[in-house]
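Hi,

Here is the structure I promised to pass on.

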Amino acid sequence: MASGRRKDTALLAARAGRYHESMPPPALRRHFSRLWSHALHDGPPAMVAIVPDGYCDLLWIDGRLVVAGPDRTAAFPVIRPGAAVIGARFAPGAAAPWLKTPLSALVGCSVPLADIGRKDTAEFEARLADCPAPSAATALFSRLLEETARDEEEPARDAAMIFAAADNARPASGLLEHLGMSERQLRRRCHHHFGYGAKTLERIRRFQRFLDLCKSGAIPLARLALESGFADQPHMTREVGELSTLTPAVILGQLSIRQRAD
């Protein structure tokens, strides 16, 4: 468990600037579930918590294309105040074939795309660096992804089904017969496409349901635990702490305040 100082001072990324996400254009929807941008506030640097969500992202930040692998627990990257980040969130089952890398090799890592061996990385970085404004870079980022998506492998359908089960609070093990695989094969597929096993993915997606409910406003913690799918409030407190280093009350306070401000 992280220190009390981290619990008290860390800001969820959603509170650390202006965040916007959108559906990708039709040509990208097989490979990416969201496009997003994040402009951090100027001023003294804050401790920003990037919490796990079960996804892998491609980022344009500080003049480089970077792959942000899936996280098991919160990450606390050093990001300069005023930084602008553009990102694309891979659809479930799309990242490993696009990157030609199992996501188990990227858990908890941020890796320059060039290090993964994409031959078009230097050209894309040069074109993005020439953009005069963040809005132009965002539009070009989407167009560059469309250029590459035409030749990419189809995302793995079984990975999308496993993710959907976790997202809807259904144990992935219930899909074994439908998917025609053993528990060992399921574990191997999950590690390849998500970086960890089905149980961890289920925990992370339940945590994300908790975050979504927190954005609805001030909700009693016991009710929040029940509606998120936790066994009880102590279970929620333990799981949220392990995944984020923050308490449910701190997260609820941060996200409900953000919702009222919006």
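**What I found**

Gly43 is partly exposed, at 37% relative accessibility (buried means under 20% relative accessible area, exposed over 50%, partly exposed in between, with a 1.4 Å probe and protein chains only). Gly43 sits in the loop between strand E3 (32-40) and strand E4 (48-49); helices (H or I, at least four residues) and strands (E, at least two) are DSSP runs, numbered from the N terminus. From Gly43 to Leu179 there are 136 residues along the chain, and their C-alpha atoms are separated by 51 Å.

Before you go further, two notes on the numbers. This is a predicted model, where local features need pLDDT of at least 70 and side-chain atom pairs count only at pLDDT 80 or more, while totals for chains, interfaces and linings use all residues. Residues are numbered from 1 along each chain as its sequence is written, and side-chain values use heavy atoms, with hydrogens and water left out.

Now the cores. A nonpolar core here is a set of buried Ala, Val, Leu, Ile, Met, Phe, Trp, Tyr and Cys residues joined through side-chain atoms within 4.5 Å. The largest one has 40 residues, and those with the most contacts inside it are Ile162, Phe194, Phe207, Phe210, Leu224 and Ile251. Helix H6 (157-167), helix H7 (176-179), helix H8 (183-194), H9, helix H10 (221-228), H11 and helix H12 (248-261) each give two or more residues to this core. H9 gives the most, with 8 residues. There is also a second, separate core of 30 residues, which includes Leu58, Trp60, Trp98 and Val111.

H6 is worth a look on your screen. Its buried residues are Asp158, Ala159, Ile162, Phe163, Ala165 and Ala166. They cover an arc of only 160° around the axis, so they lie on the same side of H6 (the arc is that of the directions from the helix axis to the C-beta atoms). These buried residues pack against H7, H8 and H9, contact meaning heavy atoms within 4.5 Å.

How do H6 and H8 cross? Their axes come within 10 Å, at roughly 95°, which makes H6 roughly perpendicular to H8. Axes are lines fitted to C-alpha atoms, for helices over the stretch in contact, and angles run from 0 to 180 degrees between N-to-C directions; under 35 degrees counts as roughly parallel, over 145 as roughly antiparallel, 65 to 115 as roughly perpendicular and the rest as oblique. On the H6 side the contact uses Asp158, Ala159, Ile162 and Phe163, and on the H8 side Leu186, Arg189, Cys190, His193 and Phe194.

H9 (residues 198-214) and H11 (residues 233-244) have axes that come within 11 Å and cross at roughly 105°, so this pair is roughly perpendicular too. Among the residues that meet there are Phe207 and Phe210 in H9 and Met236 and Leu243 in H11.

Last, two single residues. Pro97, in helix H2 (residues 95-99), is buried, with a relative accessible area of 11%. Leaving aside neighbours within four places in sequence, Pro97 is in contact with Glu152, Glu153, Glu154 and His193. Gly174, in the loop between H6 and H7, counts as exposed at 64% relative accessibility.

Cheers
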